[in-house]
Amino acid sequence: MPFVNVKLVEGVFSEDEKHAMAKALTDVMVRFEGSEAFREVVWVLIEELHTDGWHIGGRPFRGPRSLMETLQNSKALVETVDGHPTTRPEWAEAAPVKKTGE
């Protein structure tokens, strides 16, 4: 039986939105399984986690309220990257780790 586990920031989606998400994920799994017979055995578990447990880039994440801050930090980092790295060594060279205190 397919089991889909979704973890969300608590309070971001309404109950109706979570039900719609579970239905859409079930539809995807049925399409990939290749038979409508699988619909009744697709399990979808949606877990909501309190924002205290979420961190992005080493900073606390407060759900949608901190989205703009996160996007601005990402944009700032992208603007410092030299070239178009595609491998880990290229990334290490293009955006080296800052020393403590920088």
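User: Is V28 buried, partly exposed or exposed, and what is its relative accessibility?

Analyst: In this predicted model, V28 belongs to helix 1. A residue is buried under 20% relative accessible area and exposed over 50%. V28 lies between these limits and therefore counts as partly exposed, with a relative accessibility of 30%.

User: What distance separates the C-alpha atoms of V28 and R39?

Analyst: V28 is a residue of helix 1. Along the chain, V28 and R39 are eleven residues apart. The separation of their C-alpha atoms is 9.8 Å.

User: How far apart are the end C-alpha atoms of helix 1, and what span should its residues give?

Analyst: Helix 1 covers residues 15-33, which makes 19 residues. At 1.5 Å a residue, the helix should span 27 Å.

User: Which residues of helix 1 are buried, and within what arc do they fall?

Analyst: The buried residues of helix 1 are K18, A22, T26 and V30. Seen down the helix axis, the buried residues line one face, because they fall within an arc of 115°.

User: Why can residues three or four places apart point the same way in an α-helix?

Analyst: The reason lies in the repeat of the helix. Residues three or four places apart point the same way because an α-helix has 3.6 residues a turn.

User: What covers the buried residues of helix 1, and which exposed residues does the face turned away carry?

Analyst: The cover over the buried residues of helix 1 includes strand 1 (3-9) and strand 2 (43-49). On the face turned away from the buried side, the exposed residues are D16, R31 and F32.

User: Which element gives the largest share of the lining of the largest pocket?

Analyst: The largest pocket holds about 170 Å³ of space. N73, A76, L77, T80, A94, A95, P96 and K98 line this pocket, and they divide into five nonpolar, two polar and one charged. Four residues, the largest share of the lining, come from helix 2 (residues 67-80).

User: Which elements each supply at least two residues of the lining of the largest cavity?

Analyst: The structure holds one cavity of 30 Å³ or more, and the largest cavity has about 50 Å³ of space. Its lining consists of I56, R59, P60, F61, R62, S66, E69 and T70, of which three are nonpolar, two polar and three charged. The elements that each supply at least two of the lining residues are strand 4 (59-60) and helix 2.

Terms used: Residues are numbered from 1 along each chain as its sequence is written. This is a predicted model: local features need pLDDT of at least 70, side-chain atom pairs count only at pLDDT 80 or more; totals for chains, interfaces and linings use all residues. Side-chain values use heavy atoms; hydrogens and water are left out. The expected span of a helix is 1.5 Å times one less than its number of residues. Buried means under 20% relative accessible area, exposed over 50%, partly exposed in between (1.4 Å probe, protein chains only). The arc is that of the directions from the helix axis to the C-beta atoms. Contact means heavy atoms within 4.5 Å. On a 1 Å grid over the protein atoms alone, a cavity is a set of points where a 1.4 Å probe fits but cannot get out, and a pocket is an open set with protein on both sides within 12 Å along at least five of seven lines; lining residues have an atom within 4 Å of a point. Grid points are joined across faces, edges and corners, and a volume is the space filled by probe spheres set on the points. Ala, Val, Leu, Ile, Met, Phe, Trp, Tyr, Cys and Pro count as nonpolar, Asp, Glu, Lys and Arg as charged, and the others, Gly among them, as polar.
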